[in-house]
Amino acid sequence: MHPDNAQMALSTPTIALSDTEFNLFRRWLYETAGIHLADAKRALVAGRLSKRLRELELNSYQQYFDCMIETSKGDNNSERQTAIDLLTTNETFFFREIGHFDYLRQKLFPEWGTRAVRCWSAASSSGEEAYTLAMTLAEHYPGDWRIIGTDISSRVVKSAQRAVYPMLRSKNIPTRYLHEYCRKGTGDKANTFKIAPKLRQNVEFSYANLQQPQTNLGQFDLIFLRNVMIYFDKTSKQRVVNHVLDRLKPGGLLFIGHAESLNGVTQRVKLVSPSIYLYLGSN
Ligand SMILES: C[S@@+](CC[C@H](N)C(=O)[O-])C[C@H]1O[C@@H](n2cnc3c(N)ncnc32)[C@H](O)[C@@H]1O
């Protein structure tokens, strides 16, 4: 074989994503998850899906789209779920936006007293947010508590349920909490740590698409809806915020990301501190 041909056979063929194909995925992701992909996200979409195309030995993004819709008819949703897993951005870390956890300790826990509380980490990604909340509650809150974490990506939900993280991810966890609430892996897991059972027993994770009402989750005293609205346009944001507030007890608190805002999105809340809202009840 000519060396140039050998080189071509070895290198990964680049499959182009046309405007029409990009728009297909864009519309589908918006209708499914409320996520708005700007034009600038085209390379990201191509990059994230290309490995899957190769795995399935497909020659175009159109073929992958057709395959995803076709194989996801009826109960078999798995290729749609794979596409959602690939197209969502799941970046998160322990003790992200630490001011929120200071607020809990200093302001909210004294108000709660000792009553039993339920908290929801909506869009929990791989669980770091829910476990940060769990460490803060376990350390500083005298009453009973439970946390539910949910996400639209099944891949990150499974990862949150495993509760195993690379050691590098522990860098923001205060040393005391690390000793008390995390277990270092051994043998071939020496570079990882696992959240201790005493926290895990109070935290559960499940799939939930916030674009849909979440009536089966019950009512919460506190909801974290952080760093997910940045992916939504105003319509999706309003829908999600209404679904989330429907699950908050009147007088409960909603925490959003520091870079997010509820201006013009809802009249059902009152700002009590930057990115922290008090739920006034349905109107
Ligand atoms: C950037 S992460 C934020 C994680 C965490 N809340 C934090 O602040 O660190 C955003 C998460 O929102 C999830 N997500 C996006 N659209 C969603 C939807 N419609 N319903 C539920 N989760 C969604 C993504 O899968 C992703 O894991």
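**Ligand site and pockets of the predicted model**

An oxygen atom of the ligand lies 2.8 Å from an N or O atom in the side chain of Asn227, a polar contact in the sense of a pair of N or O atoms within 3.5 Å. Another side chain involved is that of Asp151, where an N or O atom is 2.6 Å from an oxygen atom of the ligand. With Ala123, by contrast, the backbone takes part: one of its polar backbone atoms is 2.9 Å from a nitrogen atom of the ligand. The ligand, taken alone, exposes 600 Å², and the protein buries 99% of that area (Shrake-Rupley method, 1.4 Å probe).

The model is predicted, so that local features need pLDDT of at least 70 and side-chain atom pairs pLDDT 80 or more, whereas totals for chains, interfaces and linings use all residues. Residues are numbered from 1 along each chain as its sequence is written, and side-chain values use heavy atoms, without hydrogens or water.

Around the ligand there are 23 residues, of which Thr92, Arg96, Ala123, Asp151 and Asn227 come nearest (a heavy atom within 4 Å). By class, this shell holds nine nonpolar, nine polar and five charged residues, with Asp, Glu, Lys and Arg counted as charged and Gly among the polar.

The ligand sits in the largest pocket, as more than half of its atoms lie within 2 Å of the grid points. A pocket is an open set of points on a 1 Å grid over the protein atoms alone, where a 1.4 Å probe fits, with protein on both sides within 12 Å along at least five of seven lines, and lining residues have an atom within 4 Å of a point. The largest pocket holds about 400 Å³ of space, the volume filled by probe spheres set on the points. Its lining comprises 25 residues, with Thr89, Ala123, Asp151, Asn227 and Val228 nearest the centre.

The second largest pocket holds about 180 Å³.

Terms used. Polar contact = N/O pair within 3.5 Å; in protein donor to acceptor, adjacent residues only side chain to side chain.
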